[in-house]
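User: Please examine the following structure with me through a series of questions and answers.
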Amino acid sequence: MRLTIALTAVGLLATTVIASAQEVELDLWTIDDPGEYHYVLAEEFMKEHPNIKINVRTVQFRDMVNDLARAVATGSGPDITYIDNPEVALFASRGLLLDLKPHIEKSEIVKEEDIYPGPLASVTWEGGIYGLPRGANTIALYYNADKFREAGLDPDNPPGTWDQLYEAAKALTKPDQNVYGLAFSAVASEEGTFQFLPWLQMTGGNYDNVATEGGAKALNFWKRLIDERLASPDTLIRSQWDSTGTFNTGSAAMAISGPWELPRMSQEAKFEYRAALLPVPEEGAERASALGEGDNVILANTDNPDEAFQFVEFLYAQMPRVWNEFGYLPASQVEVKDPKNPEIYAVFEESMKYARNRGPHPEWPRISKAIQQAIQSTLTGQAEAGAALEAAQQQIDQVLGK
Amino acid sequence: MVRFWRSLRDGSSFDAVLVWLALGYLIVFSAFPLIYNIVISLQTVDLFSIASLNRPFVGLQNYREVLSQPIAGLVFWNTLQFVVLSIVFQLCIGFGLALFFQQDFPGASYLRGLFLAGWIMPALVIGAVWSWILAGDFGVLNYWLRSLGLIDQNIFWLSDPSVSLYSVIIANIWLGVPFNMILLSVGLAAIPHDVYEAAELDGATAWQRFRTITLPLMRAPLGAVISLGVIFTLQQFDLFAALTQGGPSNASNVAQYWSWQLSFQTYQISYGSVVSVLMIVFVIGVAAIYTRSTRHEQAA
């Protein structure tokens, strides 16, 4: 008996000695490149916590889900990773992510009620909280104030309803100068779904209820913009980044996109650009906007959940800096001091209040694909909007098990 | 033991080792993935069960579900058009160029070498270049066609569902021509000159010489080029990724791209495998036709 106690004591002593000498290592996967968010903040964190070492590794955005699934399967996953917000439910539903709720309840920094409802919904799965947003983004209407003046429109009074948007696009379209009224993205990828959902939501629909009159109205509105050449037919194959590129070069007078465009816009756009909330179907209608950006999550099988949470908590605490330094919107109620582009920041901050999450659903990609197909078959004229959305609804119901 | 080493050094055992090495390689790196792919296509597999062995076996259910998807017919029809049109034009243009450079004129071999520039460029670079050429609003091709007065409205090469597949085919033809030309040049060079001389003395016209000498003697190289062409066009993925992503509305979607979309965009990996198994069956069919058609020649 005494021997056991002695041995335990020696053992304890040994572990404490080792623990203080040996630092905790955490593996972090990110889609950032060196010099960006995760790299910068991991560096800062390690300075504050010399006993914790963070190994940062870059994974391509489009490969993240595949790489992560494979790594988890073979037991070589990271401790902490970044995933896009519609993907959280996919991993959480399979028990692969650590439920942070108990940690958050003890935390002095993270308060559940501070996080905006959209970002919070994106990390919530069956009562647990499986990640913390690193920031948020959403979409709004950018417009070229110079072109507004040229066309006799008032740049202080941007289009607020769909009808006004149509009229403005019509007035701004100059086919002889290769200028379209509006640029947006209806590409057959997650980006198309991201751009379309707010239009659907503003008419009362949602991802699980697409075959609505309002949905058809929204799709027909998009179709009209393209059919009348107020937006380029290439809208169907252009990503948001490429679409906004045409706005920056002056080939489109308005563009629907998010705050991630601002760094490039400030370099490329040689005109006065402003932003406004997404137009609503009619005066006084419900507002909606898309919710983008991803979350910092901890994998369930990490060996150091406490240190991992400490780091994720540290990242969350930097929320007031993200707009100015990294180009995202804060995902919780924090004060941003001296925001860059203050007017545009105000628009996006307001828009965040209406930003709605995609899903959450573990089979989100299949739901998204059904919506993309409805968009594309309507815009190419292969199907009538109502029928296309009806077909999408059937596929979505199948996924949802209705 | 000594006998073994000796036979290994200069006898039949050495041959056997080489054969087994090759066979082992084929089994590990070709047969195994192939069979594994077939197995996956009969099970329910998603991203997270791919590494576990506990996967429900559903038999041909996956095949039924894939084939009953509304876009299945369109995708296979597009694939067929893509393969047939690509190969017909690659072969005709490639053969034409091969015959042209077979003529003796100064600089022929250098010029022929220039054609290889396209072939050695990575497909993604080619995709980027063609997407500038084919862009609807600011594309080079539309600019030329308009300057020449051939069109007065821009053609949306990549986003108009009635032309997008053909735009990818055009880019793919351009990509495949040099390869066809080089392989066929080699074949042409192997035909002895005196046969042509004799025919010419007998008064055969150029067309007759082509039809009665060149074509029959080129049968094996043409067969090889066609079967390789089928495989290469079925492999062509990057151009779709770079130009249209199968769009708009699947107007330019083909089996290989659809298989990828199913596996890695919606994570229905078994469905993706079903599509690739169907493609393999098709390739095996083409290979069988090719071996049958060339067997007579080797026997002769």
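Predicted model: local features only at pLDDT ≥ 70, side-chain atom pairs only at ≥ 80, totals over all residues.

User: In which helix does Leu34(B) lie?
Analyst: Leu34(B) counts as partly exposed because its relative accessibility is 37%, where buried means under 20% relative accessible area, exposed over 50% and partly exposed in between (1.4 Å probe, protein chains only). Its C-alpha atom is separated by 8.8 Å from that of Ile280(B), 246 residues apart along the chain. The helix that holds Leu34(B) spans residues 12-41 of chain B and is α2.

User: How far apart are the end C-alpha atoms of residues 76-290 of chain B?
Analyst: UniProt, in an unreviewed entry, places the feature "domain: ABC transmembrane type-1" at these residues of chain B; annotations of this kind may be inferred rather than shown by experiment. The span is 75% helix and 0% strand. Its end C-alpha atoms lie apart by 22 Å.

User: What area is buried between chain A and chain B?
Analyst: The contact, meaning heavy atoms within 4.5 Å, takes 30 residues from chain A and 27 residues from chain B. Buried area is the accessible area (1.4 Å probe) that two parts lose on being put together, summed over both. Carbon and sulfur atoms give 57% of a total of about 2,400 Å².

User: Which three residues supply 21% of the area that chain A buries against chain B?
Analyst: These residues contribute more than any other three on the chain A side. They are Asn66(A), Ile237(A) and Lys369(A).

User: Which element gives the most residues to the side of chain A that touches chain B?
Analyst: The elements giving two or more residues to that side are α3 (64-73), α4 (88-92) and α16 of chain A. With 6 residues, the element that gives the most is α16(A).

User: Is Asp234(A) buried or exposed?
Analyst: Asp234(A) lies in the loop between α10 (213-227) and α11 (240-248) of chain A. Not counting residues up to four places away in sequence, Asp234(A) touches Ala135(B), Gly136(B), Asp137(B), Phe156(B) and Ser159(B). Because its relative accessible area is 4%, Asp234(A) is buried.

User: Glu126(A) has a positive phi; is this residue buried or exposed?
Analyst: Phi of Glu126(A), a residue other than glycine, is near 45°. The residue lies in the loop between β4 (124-125) and β5 (128-129) of chain A. Its relative accessibility is 72%, so Glu126(A) counts as exposed.

User: Which residues does a cis peptide bond join in chain A?
Analyst: The bond has an omega of about 0°. Pro360(A) lies in the loop between β13 (355-356) and α16 (364-379) of chain A. The residues joined are Gly359(A) and Pro360(A).

Conventions
Residues numbered from 1 in each chain as written. Chains lettered and ligands numbered in written order. Heavy atoms only, no water. Helix = DSSP H or I, 4+ residues; strand = E, 2+ residues; numbered from the N terminus.
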